[in-house]
Amino acid sequence: MTLSPFIQRYRSLGHTVVFKEPVPTIRVNTLLTTIDELKKRLEGVQLTKIPFLKNGYVASTKHSLASTTPYLLGHYYIQETAAQIPAEVLGPQQGESVLDLCSAPGGKTTQLSQLMNNTGTIHSYESQHHRIPSLLNNLERMNCTNVIVHEENALSAVGSYDKVLLDAPCSGNLAADEHWFEKRTIGGVRENSARQKELLAHAITLCKPSGVIVYATCSLEPEENEEVITDALKRHSDIVVEKIDLAVGSAGLTTFQGTTYHKSMILTKRFWPDVEKTQGFYIAKLRKVGNEKVRV
């Protein structure tokens, strides 16, 4: 039996294939409640704090987390562990201007709003019309009042922002979909990579000097991750990669199948399902440094 080229590449990197959906996790919405109040109202649900997240909890229950009264009232968002990390790495502050590209259904948008305590302004871009209702519903449900939604392509975004989050469209990963290999090809990965490079280049132009851009995907493919960041460093002399101060996650790749990536990729983070027990994820933190040419 011929192995999938994806399985071969994962094995070459020392990782095994895991077809197991990560345990259910939630993010407590501190705009509307506290963890103590939520625990009182969520009967039959055991919440265990995720130590490296501000408001993330593992939710152990036999019941549907999307059908409780606290959920409908916006007291929490069902959000996978690794998916909660990019917004925290971006670190938006109260009163800042933030750009959230490719934002539906709003998990990270509502998280940004929460971290900013509904101050400042978040410009949220989403091009797919059918995804706008879920985005608007989540913003209203979770009482996020500092968000302006743009039903436009991310490449049409304009302005100048303190912080930019690009949770880029990607190939996804195998953690929760045992049929993933049947839906993906290396050619499709390369097509995604070309689009991601274009999106990140645009995101960088919209960030203010000294501002921060966080690039994230739920993909494990180097072409959609380290290759995209390396390309950005080659094209933009005014950005540097910053270390992500997080105890979990593996270092990004500096080489893969004969390709060498920028040495600062070791400062980026990979989350492998067989190691971190989360969804597959990649996160890079970039700082815009004006006209300086600083490289790690």
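**Close-up views of a predicted model**

View 1. H9 itself spans residues 226-235 and is mostly covered, with seven of its 10 residues buried. These buried residues are Glu226, Val228, Ile229, Thr230, Asp231, Ala232 and Leu233.

**View 2. The largest pocket and its lining.** This pocket has a volume of about 720 Å³, and 40 residues line it, of which Cys102, Ala104, Pro105, Arg131 and Asp167 lie nearest its centre. Strand E4 (76-78), strand E5 (97-101), helix H5 (107-115) and helix H8 each supply at least two residues of this lining, and the largest share, three residues, comes from H5. Sorted by class, the lining holds 18 nonpolar, 12 polar and 10 charged residues.

**View 3. The second largest pocket.** Here the volume is about 230 Å³, and of the 14 lining residues, Pro22, Val23, Glu276, Lys277 and Thr278 lie nearest the centre of the pocket. Helix H10 (residues 273-276) gives the most to this lining, with three residues, while the classes divide into seven nonpolar, two polar and five charged residues.

**View 4. Confidence along the protein, with residues 292-296.** The protein averages a pLDDT of 94, and 97% of the residues score at least 70. Over residues 292-296, however, the pLDDT is below 50, although this stretch has 16 contacts in the model beyond near neighbours in sequence. Where pLDDT is low, predicted coordinates should not be read in detail.

Terms used. Residues are numbered from 1 along each chain as its sequence is written. This is a predicted model: local features need pLDDT of at least 70, side-chain atom pairs count only at pLDDT 80 or more; totals for chains, interfaces and linings use all residues. Side-chain values use heavy atoms; hydrogens and water are left out. pLDDT is the predictor's confidence in each residue, from 0 to 100. Contact means heavy atoms within 4.5 Å. Buried means under 20% relative accessible area, exposed over 50%, partly exposed in between (1.4 Å probe, protein chains only). Helices (H or I, at least four residues) and strands (E, at least two) are DSSP runs, numbered from the N terminus. On a 1 Å grid over the protein atoms alone, a cavity is a set of points where a 1.4 Å probe fits but cannot get out, and a pocket is an open set with protein on both sides within 12 Å along at least five of seven lines; lining residues have an atom within 4 Å of a point. Grid points are joined across faces, edges and corners, and a volume is the space filled by probe spheres set on the points. Ala, Val, Leu, Ile, Met, Phe, Trp, Tyr, Cys and Pro count as nonpolar, Asp, Glu, Lys and Arg as charged, and the others, Gly among them, as polar.
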